[in-house]
Amino acid sequence: LPNDPWKHYKEMREKTDPIYALLWLAQIHKGTSIITVNQWAANCFEQQKPIPVFPAQARLIEFFKKSGVKVFIVTGSVKWAIEPGAIHLSLPVENVIGVETLVDNAGIITDTANGPVTWFEGKVEALMKKTRGVKPFFAIGNSMGDRALIDCATRMKVAVRSAAPGQELYTTETHLREYALQNNWEV
């Protein structure tokens with residue numbers, strides 16, 4: 001790995017196609033056991049204070065689950081990094097759709113992409129594959145990378161934002177909010 005992998009990732013994302021940068025985050029685990037990566041993710045999640053989950057979204061997820069609605073988390077992040085959050089929300093890890101590479105029969109991560117990179121239209125493509133073409137009736141997101149997924153919802157489209165000016169997600173959340181207002185979404 002480069003001396004500063006996170007800096008390298010950010011530079012890749014800015015200077016090349018972000019899809020390659022997002023896939024690289026999964027590919028750097030090549031040769032590592034999926035069990036080990038899952039444990040790293042669980043340990044990292046346990047150390048987060050406060051837990052990085054929007055409380056209102058957690059309540060919505062609980063409502064949907066009680067109503068018999070299948071809930072998916074569709075993320076531009078590496079799937080394995082988000083799975084502990086799904087477990088925290090009592091969602092099956094199979095319902096986390098994110099960037100991932102193939103895991104071989106011995107449980108070792110490879111550098112071969114497994115499905116589309118879940119960013120922009122890749123989020124819709126991956127969800128449609130998982131649901132066999134059934135579009136969501138409700139979608140919510142906080143960045144322009146979520147726009148295509150939210151746009152595909154058949155009933156309710158929601159844009160949220162929580163970043164303050166100067167924070168990394170502020171610009172993309174603001175652009176999504178503007179897009180949402182122009183397209184009559186809930187904000």
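The protein chain has eight helices and six strands, taken as DSSP runs numbered from the N terminus (helices H or I with at least four residues, strands E with at least two). This is a predicted model, where local features need pLDDT of at least 70, side-chain atom pairs count only at pLDDT 80 or more, and totals for chains, interfaces and linings use all residues. Residues are numbered from 1 along each chain as its sequence is written, and side-chain values use heavy atoms, with hydrogens and water left out.

**Exercise 1. Work out how the overall dimensions of the protein chain fit a compact globule.**

Step 1: take the rule, 2.2 Å times the number of residues to the power 0.38, with the radius of gyration taken over C-alpha atoms.
Step 2: look at the box, roughly 45 × 40 × 35 Å along the principal axes for the C-alpha atoms.

**Exercise 2. Find the residues that touch the most other members of the largest nonpolar core, and the element that gives the most to it.**

Step 1: A nonpolar core is a set of buried Ala, Val, Leu, Ile, Met, Phe, Trp, Tyr and Cys residues joined through side-chain atoms within 4.5 Å; buried means under 20% relative accessible area (1.4 Å probe, protein chains only).
Step 2: the largest core has 16 residues, and Tyr 9, Leu 22, Trp 80, Val 99 and Val 117 touch the most other members.
Step 3: α1 (5-15), α2 (18-27) and α3 (34-47) are the elements giving two or more residues to this core, with α2 giving the most, six.
Step 4: zoom in on Leu 22. Beyond its neighbours within four places in sequence, Leu 22 is in contact (heavy atoms within 4.5 Å) with Tyr 9, Arg 13, Gly 76, Val 99, Val 117 and Trp 119.

**Exercise 3. Follow strand β5 (residues 138-141) and describe the setting of Asn 142.**

Step 1: sort the faces of β5.
Step 2: find the partner strand. β5 runs parallel to β6 (residues 156-159), joined by four bridges; pairing takes at least two DSSP bridges. Ala 139 has Lys 157 as its bridge partner in β6.
Step 3: move on to Asn 142, in the loop between β5 and α7 (147-151). Its relative accessible area is 18%, so Asn 142 counts as buried.
Step 4: Leaving aside neighbours within four places in sequence, Asn 142 is in contact with residues including Phe 54, Val 160 and Leu 176.

Terms used
Buried < 20%, exposed > 50% of the residue type's maximum accessible area, 1.4 Å probe, protein only.
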